[in-house]
Amino acid sequence: MSHSRLALVSNFRTEASPSMLVCGDRLFDSLRLDHPELTVDRIQPAYARMATRVPRLPLLHRLTGGADKMLNRYWLYPRHLRQWREAFDAFHICDHSYASLVHALPAARVGVFCHDVDVFRSVLQPALYPRSPRYNAMQRYALAGLARAAIVFHTTEAVRAELLGFSLVAPERLVQVPLGVDPSFHPAEPGQSTTSRLAHQVGERPYLFNVSVTLPRKRLDVLLRSFALVRRQRPDLLLVRVGPDWTADQQQLIKDYCLADGIRRIPRLDQNDLVSFYQRAAAVLMTSESEGFGMPLIETLACGAIPVVSDIPVFHEVAGEAALYCPVGVPEAWAERLTQLLNDPSTAPSAALRAERVRRFTWTAHAEAIAKAYRSRILERSEE
């Protein structure tokens, strides 16, 4: 078999989260570099802003933003895909939230990467995660696409268990493929200077670090309450978070606990700055109550930093004994653990253990597992 044609069906770049952009970009690069037997191209149309061309009144913009999303994902992107149906031997949808696109493609030649099931929880667990009828209709359509795909990739056993537990995908269609971490994420070298961005934001002060969006499952309320408790003993301590603006409830917590002067929020960092922030952090916190994998966890380990994370199965699966664990939703326990760590860093897992754990996560291995699945399950069968 030579030069089978594989299309990476990618997120709209303007609306994708940083982690989804990284996953798509690194897979594309690794497949093209290491798999000459595949002709790999990317399908990634431009995002059309139509409804949001109107003036940006806050309420109106939220409504029109939702209309633009529906228009792009459920009409423009499928229409764009249909012209490529016969141009490729297989299609890889990089993000499960775009699983509705399976309906526009020959499903027997399509794989979908399912990073987690959280986008579908309003359909799967409506009492716990209520959303609008329109949103639920979109997710049901996406779930129907996911169920039709020939291959569904997943990051961890925890995601596999949920896919099977909710009867979303037949077990024989599942393939586990952990994420990778770029070699540019590495421990600080002796004498290495900090970046100007880091120096400007924190100077020489110690800080806790967090990289996350503001979804409820991230439990940023626990992050803020834990920081407030630790800061009673360590008033010099900062909390640095990379991500979108705080929600109204989170802003109220910051006000109630008088934390504003101790918090630095940064919308985005380029990779060089991000590495520097990881390297210098006293600890990197992940307070989530659920995750599919947790890319910041392996980035933390790769940079030689200490991860302090929620005691949930997926983090144990990824980090093993290389992380410190705290019970979900208990700020007092988090504060106790963090205070102990700040006072005595030797209570953390050793640097050698952290480095050894992260070696298994490479984008080369990630791309190899995906290429192997397409070869054995779709491409070679199509030649028989």
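Colleague: What should I know about the source?
Modeller: The model is predicted, so local features need pLDDT of at least 70 and side-chain atom pairs count only at pLDDT 80 or more, while totals for chains, interfaces and linings use all residues. Residues are numbered from 1 along each chain as its sequence is written, and side-chain values use heavy atoms, leaving out hydrogens and water.

Colleague: What is the strand order in the open sheet?
Modeller: The six strands run β2-β1-β3-β4-β5-β6, with parallel pairing. Strands are DSSP runs of E, at least two residues, and helices are runs of H or I, at least four, numbered from the N terminus. Two strands pair if DSSP finds at least two bridges between them.

Colleague: Which strands are at the edges?
Modeller: β2 (38–43) and β6 (174–176), each pairing on one side only. From one strand to the next, the twist averages 25 degrees. Angles run from 0 to 180 degrees between N-to-C directions, with axes fitted as lines to C-alpha atoms, for helices over the stretch in contact.

Colleague: And how many bridges join β4 to β5?
Modeller: Four, between residues 110–114 and residues 151–154. Gly111 has Ile151 of β5 as its bridge partner.

Colleague: Switching to helices, at what angle do α10 and α13 pack?
Modeller: About 130 degrees, with the axes of α10 (residues 295–302) and α13 (residues 351–358) 8 Å apart. α10 and α13 are therefore oblique: under 35 degrees is roughly parallel, over 145 roughly antiparallel, 65 to 115 roughly perpendicular, and the rest oblique.

Colleague: Which residues of α10 make the contact?
Modeller: Ile298, Leu301 and Ala302, against Arg354, Arg357 and Val358 of α13; contact means heavy atoms within 4.5 Å.
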